[in-house]
Amino acid sequence: MGKNSDGLVFEVSEPSDNATIVYNARQMLLQMGFDETRQYLIASAVSELSTNIIRYGEKGTITLRCIRKSDKIGFEVIARDCGPGISDIQKAATENYSSGHGLGLGLSSVKRIMDECEIKSARGHGTCIIAKKWLM
Amino acid sequence: MNNRSAVSGTGMDVVEGCLVVPVVGNMDPEIITRLGREILAQVKATQAKKVIINISAIKILDSYIFSIFRSMATAITMLGATPVFVGIQPGVASSLVDLDMDLGDILTAVTTNDAFEILRHQTTGPKPPEIVNDKPYINNYKNDGNTKERENG
Ligand SMILES: Nc1ncnc2c1ncn2[C@@H]1O[C@H](COP(=O)(O)OP(=O)(O)OP(=O)(O)O)[C@@H](O)[C@H]1O
Ligand SMILES: [Mg+2]
């Protein structure tokens with residue numbers, strides 16, 4: 001785990017990394033003042049993104065940050081990997097679509113839980129997903 | 001006759017012919033997978049026809065953990081028992097699937113009592129053998145010690 005002004009950065013390559021990330025996400029959400037229900041939901045969205053890195057991107061990083069926009073504060077998660085990338089982003093984010101053995105619920109639930117979710121990816125160029133949740 | 005018995009070392013319990021499973025600890029997929037195997041073994045051993053799995057301790061239920069529970073439910077059904085999941089955290093189901101109700105074939109209940117209620121009215125599961133004379137009925141009645149009050153006129 002690395003810590004800089006940009007927040008907490010975690011290397012992700014194996015399932016045990018996920019538990020550490022989820023734990024830290026919850027601590028951060030708690031400190032920011034998210035209520036318990038939202039802490040759990042947002043942490044599960046973080047877990048979706050890191051699980052996808054392990055499953056499809058092989059390895060990458062998860063960054064957790066506290067962000068500000070005018071008078072709002074929010075939580076941001078950035079999932080980055082240099083894996084194969086996603087060729088059809090819209091399809092990937094559709095409920096029930098999975099190229100593997102998953103249920104295909106991960107990305108669609110991230111979209112539902114978070115206020116903003118941006119997926120940047122191209123076949124062969126890795127994936128970067130940025131999701132934000134504003135407090136209030 | 002005692003109709004409640006603990007399945008030693010597992011935290012599981014048999015109540016009214018129903019295997020009651022508390023899921024403790026955190027969201028470790030490996031541990032949950034192992035627990036699933038243990039549940040299947042206990043369903044076979046106890047011949048339970050109903051299984052209540054309390055997952056209220058699982059606060060962070062992502063799609064991966066959810067898929068493990070779903071496979072668990074399918075496997076339990078294949079053994080001829082009906083599983084019900086209790087204690088899914090608020091908002092979790094609706095974040096995972098569009099409609100709260102569409103959790104695959106998974107039955108859910110808010111509390112363990114609700115789960116018992118659902119299982120009592122469950123008709124899609126394996127049907128009990130038909131009762132021809134009234135003797136088996138009397139036996140069933142006696143075994144049903146958990147129901148304290150009956151409409152005894
Ligand atoms: N980091 C990634 N790199 C490459 N492909 C990805 C990545 N993340 C997601 N995908 C693609 O998008 C699809 C949908 O992802 P999503 O998380 O919704 O479902 P899943 O992981 O397959 O199943 P579930 O999340 O329900 O267990 C994946 O099957 C995969 O093809
Ligand atoms: Mg996924």
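Predicted model: local features only at pLDDT ≥ 70, side-chain atom pairs only at ≥ 80, totals over all residues.
Most residues other than glycine have a negative phi. With a relative accessibility of 72%, A:Ser70 counts as exposed. A:Asn96 also has a positive phi, of about 75 degrees, and is not a glycine either. This residue is found in the loop between helix 3 (89-92) and helix 4 (106-113) of chain A, and a relative accessible area of 55% makes A:Asn96 exposed.

Turning to the interface, 19 residues of chain A are in contact with 18 residues of chain B. About 1500 Å² is buried between chain A and chain B, and carbon and sulfur atoms give 63% of that area. On the chain A side, A:Tyr40, A:Leu103 and A:Arg112 lose the most area to chain B, together accounting for 33% of what that side buries. Between chain A and chain B the count is zero salt bridges, while over all chains it comes to eight.

Among these salt bridges is the pair A:Asp115 and A:Lys133, whose closest N and O atoms are 3.5 Å apart. The two residues come from distant parts of the chain, 18 residues apart: A:Asp115 lies in the loop between helix 4 and strand 5 (116-121) of chain A, and A:Lys133 in strand 6 (residues 127-134) of chain A. A:Asp115 is partly exposed at 42% relative accessibility, whereas A:Lys133 is buried at 11%. A salt bridge also joins the side chains of A:Glu116 and A:Lys132 (3.9 Å, N to O). A:Glu116 belongs to strand 5 of chain A and A:Lys132 to strand 6 of chain A, so this pair ties together parts that are 16 residues apart in sequence. Both residues take part in a network of salt bridges that links A:Arg65, A:Glu76, A:Glu116 and A:Lys132.

In chain B, B:Glu117 forms a salt bridge with B:Arg120, with the closest N and O atoms 3.0 Å apart. These residues are three apart in helix 4 (residues 112-121) of chain B, and therefore separated by about one helical turn.

Residues making the contact include B:Ile32, B:Ile39 and B:Leu40 of helix 1 of chain B and B:Ile65, B:Phe69 and B:Met72 of helix 2 of chain B. By class, this contact has eleven nonpolar, two polar and no charged residues.

Technical notes: Residues numbered from 1 in each chain as written. Chains lettered and ligands numbered in written order. Heavy atoms only, no water. Contact = heavy atoms within 4.5 Å. Helix = DSSP H or I, 4+ residues; strand = E, 2+ residues; numbered from the N terminus. Nonpolar A, V, L, I, M, F, W, Y, C, P; charged D, E, K, R; others polar. Buried < 20%, exposed > 50% of the residue type's maximum accessible area, 1.4 Å probe, protein only. Buried area = accessible area lost by both parts, 1.4 Å probe. Salt bridge = Lys/Arg side-chain N within 4 Å of Asp/Glu carboxyl O.
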